[in-house]
Amino acid sequence: MPTIRRVGVLGAGVMGAAIAAHLANAGCEVLLLDRVPDTLGDEETARGLSLDNPAARNRFTTLGIEHALKAKPAAFFLPGYVDRITPGNFADDLPRLKECDWVLEAVVEHPGIKAQLLQSVAPHLRADAVLTTNTSGLSVSRLAETLPADLRPRFFATHFFNPPRYLRLVELVPHPATDPVRLAAMSDFLRRRLGKGVVTCKDTPNFIGNRIGLFSLLNAMHHMQELGLTIAEVDAVGGPATARPKSAVFRTADLVGLDTLAFVAQHSYELLPHDEARELYRVPAFLQTLLDAGRLGDKSGAGFYRKEQSADGKRIFAWDWRTGEYQPTVKPAFPCLAAAKQIPDAAGRLRAVLAGDDPGARFAWLTLRDTLIYAVNRVPEISSEIAGIDRAMRWGFGWELGPFEMLDAIGIDTFAARVEQDGVAVPAALRDMSTCYRVAGGSEEQFNPKERGYQPVLDAPGVIRLEIIRKSGGVVASKPACSLLDIGDGVFALEFHGKLNTIGADVLQMLPEALARAENEGVALVVGSQGAQFSAGADLMMLAFAMQMKQFAEIEKMVRAFQNATLALKCAQVPVVAAPYGLTLGGGCEFTMHATAALAHAETYMGLVEIGAGLLPAGGGTKELALRAVQTASAAGADVGPFILRAFRTIGLARVSTCADELFAMGLLRDGDRVCMDLDGQLGAAKSFALALAPTHRPARPATIAAPGRSLAASLKSSLWNLEQGGQVTAYERQIAGKVADILCGGDVPAGTPVSEQYLLDLEREGFLSLCGEAKTLERIGHLLKTGKPLRN
């Protein structure tokens, strides 16, 4: 299989255009094709175009690209990446497919249409090019039978989930004649270049994700009616409380589209004559009522939920399946949900809900009981490995735990006993195992029901899983919110694992030991974790308490400790590589900025957001942006003003990146930092990066720069006055941003005055402490902790 540089995407609808966008994100050149319109559009007629004009002939492709550019959440990392996509059409541009290393079909989910298009492109493919279909559940073998014999080994399914940038799962589905070498090469490309979690599936209807996911949704609808619950009650129980996504049951259905859901259900009913749950796949009557009314979910503006504008903003209404009317959503008050709310880990929340004795807990048990039994019964029908099913549900449907991980969380014996109490048959496979997973010899193993024994869970080369290292005795030191682990080859890892991975006393106390271990017993340190987020920043709860108690000396001590920690990272005797991903805010951003280098995951949402809490970055973030601005301007022989202005806007607007690529322009990543697409491989790549830096590492020394000076600070403050007069910032935000301007410019000194790094840190700390004494800051922090949203006061 050739190195994939150029990809042809057939179909510029929602999925085709979004896949093309993500290929462009990965640096691929994309040829995007769709059909030629039958008639001219009004705009084309007004422009005097004919159907021979390329602009008219490529209309559907151009519209697909435009929709991808406008998509929310964004399909492209950066808008400029659209230039990597070339539009075309099926009638004129099929010969150009010879330029492509991979051609991916993504047209409507209809076997006849897909087969006809695949046959038409076959003569135009290079002899070494790969051809795949993006079907969500059609028979790959039947599609392969329609292709020339010499093409069949290069054909299989690559099923992306929507939206492809954000949902990691790609189901890789071969047919009997698929070349396993090409299949493995594609798996590697999808993982490394596109950041995908790849699961190889058997060629069965709906593959893995949609087979289990659809059953789970329809089963929830069945038990909702049986127990007389509301849609809002079902979604409250069927979301994070039971290790599923926030979209739960009915919000997920609205996102997918009720027409799509019904189509897949009907498809399942027709193709699964021997499935024990076949009758469940009949479209429920209440769902058909919505379909008949044209209420298809988000795409039509109403489905199970509807948003309505009211005097106090948008309100969400839920459909009452008994009356057929929309009612204001009411937050359910099930005791089982209250019990689970304060539990940070998914397994603990799940157990807490199932231990309840209320309608919500009963619903949770019945739906999970049926879903887990259904999943067990699908092995080996849809997958030979239970890990493949778990990964499919986590990566494709956003579950925190897959079905077999849930069984381990509940306890197989406990689960089986309760199933028997219900008078339901326990699958024979469950009686053969004590756990679904175990760690043995430093590796994770999964139970194989067919062989009635354990086999390795296979990861891609270089993948580091901190959970397995912890269970294998690799912990060097540990505190409730963080651990230090030996990840091999002289590299240590400082892992955050507290609530939201906030940086508090535990982390600040552990860091000196982490650096000492790496410096004395190893060659490098990696700062990273594998929870939901890298770090939400400093511990605001602890700060708010200290402010309420007016413990300003303790706050000063806390800030000084944070500054010492980040400076220690910067000046370490060994290379320190930060591996941020997901939310990387405030203090998490500052830790990243002070590492020797950063290897950020592509989906890193980083920013210095302290102004939203009525504060300013004081863990070295403001200081570091000032240094970078002055040093960059000096190296370029340029005026420092624009660089300071960029730093000022980054902090003053509390900007958070929408992807890692954006961080370079924000000044939060440097030229030597790197971005990776593969989340599972990030820590392994960070370790390799650190090892590569080790032989030539030179410890940094605290810098001295020429201060931009008070005149530039005055100019920045003047712009703030104008913004306040225009109602764009509040008076308090102007006050905070004025302090930021002073720090960035080196304080009340003339331009060119030499100032040290420690001097800038002192300015940071003084500014931070002055804001801690303000009632408005405490009000902002309280509002942020309560609602998760900043207060404009």
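**Helices, sheets and aromatic contacts in the predicted model**

Helix α16, which covers residues 359–377, contains 19 residues and extends 27 Å from its first C-alpha to its last, close to the 27 Å expected at 1.5 Å a residue. The structure described here is a predicted model. Of the 19 residues of α16, 16 are buried, so that this helix is largely enclosed by the rest of the structure. At the start of α16, the side chain of Asp358 places an oxygen within 2.9 Å of the backbone nitrogen of Gly360. Within the residue range of α16, 359–377, falls Trp365, over whose ring the charged end of Arg418 sits, at 4.3 Å from the ring centre.

Turning to the sheets, eight strands form an open sheet with mixed pairing, in the order β3-β2-β1-β4-β5-β6-β7-β8. The edge positions are taken by β3 (85–89) and β8 (197–200), each of which pairs on one side only. Neighbouring strands of this sheet are turned against each other by 25° on average, direction ignored. Within this sheet, strand β1 (residues 6–10) and strand β2 (residues 29–34) run parallel and are joined by five bridges, and Val7 stands opposite Val30 in β2.

Three strands make up an open sheet with antiparallel pairing, in the order β12-β13-β14. In this sheet β12 (437–440) and β14 stand at the edges with a single partner strand each, so one side of each is left without a neighbour in the sheet. From one strand to the next, the twist averages 40°. The pairing of strand β13 (residues 443–448) with strand β14 (residues 453–456) is antiparallel and extends over four bridges. Gln446 has Gln455 in β14 as its bridge partner, while Phe447 stands opposite Tyr454 in β14. The hairpin of β13 and β14 has four residues between the strands, and Arg452 in this hairpin takes a positive phi near 55°.

Aromatic contacts were examined next. A pair of aromatic rings is described by the distance of the centres and the angle of the planes. With ring centres required to lie within 6.5 Å, the count comes to 13 aromatic pairs. In one of these, the rings of Phe286 and Trp321 have their centres 6.4 Å apart and their planes at 45°; since planes under 30 degrees apart would count as stacked and planes over 60 as edge-to-face, the pair is tilted. This pair links distant parts of the chain, 35 residues apart, with Phe286 in helix α13 (residues 285–292) and Trp321 in the loop between β10 (313–319) and β11 (326–328). Both partners fall under the 20% limit for burial, Phe286 being buried with a relative accessible area of 4% and Trp321 being buried with a relative accessible area of 17%.

A further pair is formed by Phe562 and Phe591, whose ring centres lie 5.6 Å apart and whose planes stand at 75°, so the arrangement is edge-to-face. Here too the pair links distant parts of the chain, 29 residues apart, as Phe562 belongs to helix α24 (residues 552–570) and Phe591 to helix α25 (residues 587–594). Phe562 and Phe591 are both buried. Beyond the individual pairs, Phe286 and Trp321 belong to one aromatic cluster, which is formed together with Phe250, Phe304 and Trp319.

The C-alpha atoms of Ala285 and Trp321 are separated by 9.6 Å, although the two residues are 36 residues apart along the chain. Whereas Phe286 is buried, Ala285 counts as exposed, at 60% relative accessibility.

Elsewhere in the model, Tyr732 is found in helix α31 (residues 731–744), and this tyrosine is buried, with a relative accessible area of 3%. The C-alpha atoms of Tyr732 and Thr777 are separated by 9.1 Å, with the two residues 45 residues apart along the chain.

Notes
Residues numbered from 1 in each chain as written. Predicted model: local features only at pLDDT ≥ 70, side-chain atom pairs only at ≥ 80, totals over all residues. Heavy atoms only, no water. Phe/Tyr/Trp six-rings, centres within 6.5 Å; stacked < 30°, edge-to-face > 60°. Helix = DSSP H or I, 4+ residues; strand = E, 2+ residues; numbered from the N terminus. Buried < 20%, exposed > 50% of the residue type's maximum accessible area, 1.4 Å probe, protein only. Lys NZ or Arg CZ within 6 Å of the ring centre and 35° of its normal. Expected span 1.5 Å × (residues − 1). Polar contact = N/O pair within 3.5 Å; in protein donor to acceptor, adjacent residues only side chain to side chain. Pairing = 2+ DSSP bridges. Axes fitted to C-alpha atoms, helices over the stretch in contact; angles between N-to-C directions.
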